[in-house]
Amino acid sequence: MTLTPAARTGSTTTPQDPPQDPRPSYLHRGLSLLALLALFQGTAEQLRSQALGNRYLVTTLVLLYGAMLVLAVLTLTVRRQRDLVRVDVLVLLVALVRLAVYVAGSAGHHFKPYGDDEGPLITLAARSFASGGHVYGMHWPGFAAQFQVGTTPLMNGGIADSFGYPPLSVLLAAPFASWMPAWVPVAGLMSLGALVLTAVVMFRLLPAPLRPAATLMCFGFTWVFFYARNGYPIFLTLPFLAVAVHRWTRTGSGGVLGRSGVLGAVCLGFAASAHQLTWFLVPFLLAGILLLRRGELPWRSALLVTARYAALALGTFLLLSLPFAIRDGRAWATGLFSVLTQHASPQGLGPVDISYYLTGGSGDLGMYSAAGAALLVATFVAFLLFPQRLAPALVLLPWLAFYLSTRSTETYFVLLAPIWLTAYATCDHDDFSRAWQWRPRLLLDRRVLRAVPVLLALPAVACLLAAVLAPVPLALRISGLRTGTPAQGSPTIEQIDVSLRNVSASPLTPAFATSNNAWLDFGWTVTSGPRTLAPQQSGSYVLTRQGNPLTLNTKGSTYLRVVSDNPQTLTSTALPVKSLSVKSATP
């Protein structure tokens, strides 16, 4: 018998044996190291802040710090991809323990349960639901003082003091909010739990080299913990959306939903029951599924499978909302749309800052929202025309429009980033090129095709220019100030005398606020002055400070801002800080 070379050397390798586990790529090592380094952010500060208060937390943080150093060495030295994946799992576990330490260090009877208004309103709505009361249509005007939190000011001078989100957060919080101690942030713990679930789901769904991104995106930024700790309901959407957008390009493949399609539709319904931002994604996702299936099926089959998917998602949403629709009636439907119709005061990182910071205001802030709506429509039409090009960014497209709105906060974008990656990385990129594209003869001309995006953007640009260029509606003059003279610190203001003249063509009901940063402070009482100014009418107002006097910003300007609703307008002027070096009395 003749021995083969492999037999002579004692090797058991045969051509049928599987290949050896490959070495990790530079990309995988780099991303693993980046996720680990992100966990160092804030860990030292947390350790020092807890050093004298809780020895157990300090001990845990010291051990975590050492574990991260060891994992950093392993990240760069392990030789097989399988071993690096195990290191990634350990990094994720370290992130979970670190999160638990953060929660333990920021919760207790001596801490405020929340720092913003979302968590308190969810808690109050859950308590009302658990006790058999109403959720939608209810107002809690004293919640800010009860929870010692800030509020969302409205253009009419009021505050958002009612629950205005879909009902999932209330359903989840109701079993606990009615009996938990007041200092327990029930809504915050739910959001943190959803964030953990999102990280685990992402880690499971993403390809191995991208799994460290789950740790990085969910736990690598301390401000994400801040938002989740305050009970932002947007976090409840993330694990459900992660499942819904996973391999969305294969949803309904062959005209059959299958288990994955049914699960995705149900998860989309759950996400829509948690936050309204999901609603903006639904038309894009349905259109994407339809166009992908039309690329392989006749119109009838593509429409049917997409309709079944949409019906499952809608049915899930309505089933979860049914108790509230029965109990609260019309107030349920009104409450669901309240965050879109309540006319919150300007805030954010967008063109609205031109009117808020750079000019004296605007006579039509509503045109910013109109510009956002026009951009949303334009983006959707662009997706229908160019699905092969835009499908990779499908889960980012719906929220671009918020950049033009009056309240273009970063939470509409960055908190949803885990979903961007999940949708992109779990889809076969060859699927995007199979999407059906409508190409009439006119669109076959390259010059016309290149002009389409510009034409689609024109309505949004026109609305934006109308908002920026709308004349300031009020001629505003500060006629008197009553200041305080503290022994130390900056000067304060206790009363402001204002003269207004309505130079617009609409009657205005002014509401007064001051600001020395991005926030509006409506802590003023109008003790005299007309409630409404007719066109060309003038009026004198005396504003008296509520509570503590206003402390001026000596390193910058302090502004008096006059807003109105219906129409939404803003008029701003800087308070004369230099004249406050000598105490002045109101005439």
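**Close-ups of a predicted model**

**View 1. Strands S10 and S11 side by side.** S10 and strand S11 (residues 569–574) run antiparallel to each other and are joined by six bridges. This is a predicted model, so keep that in mind for every view here. One spot to look for is Ser564, which sits opposite Thr569 in S11. The two strands make a hairpin, with four residues between them. In that turn you'll find Asn566, whose phi is positive, at about 50 degrees.

**View 2. The other partner of S10.** Strand S10 covers residues 559–564, and it also pairs with strand S6 (residues 511–515). Here too the pairing is antiparallel, this time over five bridges. To get your bearings, pick out Ala511: its bridge partner in S10 is Val563. How much of S10 is covered? Most of it: five of the six residues in the strand are buried.

**View 3. Helix H19 meets helix H23.** Helix H19 takes in residues 366–385 and helix H23 residues 446–469; their axes come within 8 Å and cross at roughly 175 degrees. Since an angle over 145 degrees counts as roughly antiparallel, that is how H19 lies relative to H23. On the H19 side, the contact includes Met367, Ala371, Ala374, Ala378 and Leu385. H23 brings in residues including Val452, Leu456, Pro459, Cys463 and Ala467. What sort of residues make this contact? The count is 19 nonpolar, no polar and no charged.

View 4. Check the length of H19 for yourself: at 1.5 Å a residue, its 20 residues should span 28 Å, and the C-alpha atoms at its ends are 29 Å apart, so the two agree. Among the buried residues of H19 are Tyr368, Gly372, Thr379 and Phe383. Which elements cover them? The cover includes helix H14 (277–294), helix H18 (352–358), helix H20 (387–390) and H23.

**View 5. Helix H5 packs with helix H9.** Helix H5 (residues 81–105) and helix H9 (residues 186–205) pack at an angle of about 175 degrees, and their axes are 12 Å apart. With an angle over 145 degrees, H5 is therefore roughly antiparallel to H9. From H5, the contact draws on Val85, Asp88, Val89, Leu92, Leu96, Leu99 and Val103. From H9 come Leu189, Leu192, Val196, Ala199 and Phe203. Sorted by type, the residues of this contact are eleven nonpolar, no polar and one charged.

Key: Residues are numbered from 1 along each chain as its sequence is written. This is a predicted model: local features need pLDDT of at least 70, side-chain atom pairs count only at pLDDT 80 or more; totals for chains, interfaces and linings use all residues. Side-chain values use heavy atoms; hydrogens and water are left out. Axes are lines fitted to C-alpha atoms, for helices over the stretch in contact, and angles run from 0 to 180 degrees between N-to-C directions. Angles under 35 degrees count as roughly parallel, over 145 as roughly antiparallel, 65 to 115 as roughly perpendicular and the rest as oblique. Contact means heavy atoms within 4.5 Å. Ala, Val, Leu, Ile, Met, Phe, Trp, Tyr, Cys and Pro count as nonpolar, Asp, Glu, Lys and Arg as charged, and the others, Gly among them, as polar. The expected span of a helix is 1.5 Å times one less than its number of residues. Buried means under 20% relative accessible area, exposed over 50%, partly exposed in between (1.4 Å probe, protein chains only). Two strands pair if DSSP finds at least two bridges between them.
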